[in-house]
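Biologist: Please give me a close look at a single part of this model.

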Amino acid sequence: MSSRTLNLDDTVYQYLLSHSLREHPAQVALREATRTHPYAVMQISPEQGQFMALLIRLLGARRTIEIGVFTGYSALSVALALPDDGRVLACDISDEYTRIGVPHWKAAGVAHKIDLQLAPALNTLDARINAGEKGQYDFAFIDADKSGYDAYYERCLTLLRVGGLIAIDNTLWSGKVATPAEDADTAALQALNNKLHRDERVDISMLPIGDGLTLARKR
Ligand code: SAM
Ligand code: CA
């Protein structure tokens, strides 16, 4: 027994997957389609997708934001957990990556819930704020360029209702945040982690799931 988070070796990780994972066949197929992609490591893990789906159901979320879609696994996980009239405002700049996911969104019957916006995320978010959508979203997942995280966090905080949740991915950055930064991405994540720790606008929890996932609930 330990009061610290267990360090998962392969055997325990396989146990966790085989005793908890409940993927839709389209999620399995999309992971398989992404497995050989040169940037496959960018995809969230299936247990993280399932955790985010649980958060969506706990929140009773209907309107959600995703910043960083890649081949669409996280968007698919969220969309499957949303009610039929729920929506994911899915922001990415790459048609090449996101088009891989579209057939799998269709196969899962959730393509109508995913509003893919191919443009720099900041433009999409600012347009929604200017269109009067402040305070109207329930959940946001931030998983794009790390230098943009702070701006995405601020926009999401504006777009979320009180009680809404922002999930920020890669906040442990392979552990690199714990030592002096040697690159801009690490420095950006460190600065945001420092800010979140003190940010009175939110309740937070930094979870050692995947590469670190910080949850911030708007007060
Ligand atoms: N959430 C995805 C998943 O689970 O498969 C992984 C997202 S991947 C880590 C980051 C994505 O951010 C890439 O698809 C990239 O094209 C996108 N991206 C990078 N800069 C962006 C920007 N300025 N606006 C929107 N998306 C951006
Ligand atoms: Ca990520």
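Against which elements do the buried residues of α8 pack?

Modeller: This is a predicted model, in which local features need pLDDT of at least 70 and side-chain atom pairs count only at pLDDT 80 or more, whereas totals for chains, interfaces and linings use all residues. Residues are numbered from 1 along each chain as written, chains are lettered from A and ligands numbered from 1 in written order, and side-chain values use heavy atoms, without hydrogens or water.

The buried residues of α8 pack against α7 (149-159), β5 (160-169), β6 (202-207) and β7 (213-218), contact meaning heavy atoms within 4.5 Å; helices (H or I, at least four residues) and strands (E, at least two) are DSSP runs numbered from the N terminus. Helix α8 itself spans residues 184-198. Its buried residues (under 20% relative accessible area, with exposed over 50% and partly exposed in between; 1.4 Å probe, protein chains only) are Thr-186, Leu-189, Gln-190, Leu-192, Asn-193 and Leu-196. They lie on the same side of α8 because they cover an arc of only 165° around the axis, taken from the directions from the axis to the C-beta atoms. The face turned away from this buried side carries the exposed Ala-184 and Arg-198.

Strand β5, one of the packing partners of α8, also contains Asp-169. The calcium ion (ligand 2) is coordinated at 2.2 to 3.0 Å by Asp-143 (OD), Asp-143 (OD), Asp-169 (OD) and Asn-170 (OD1); donors are N, O and S atoms within 2.8 Å of a metal (3.2 Å for Na, K and Ca), and sites may look incomplete without water. Asp-143, in the loop between β4 (137-142) and α7, is 26 residues from Asp-169, and both are buried.

How values were computed
The expected span of a helix is 1.5 Å times one less than its number of residues.
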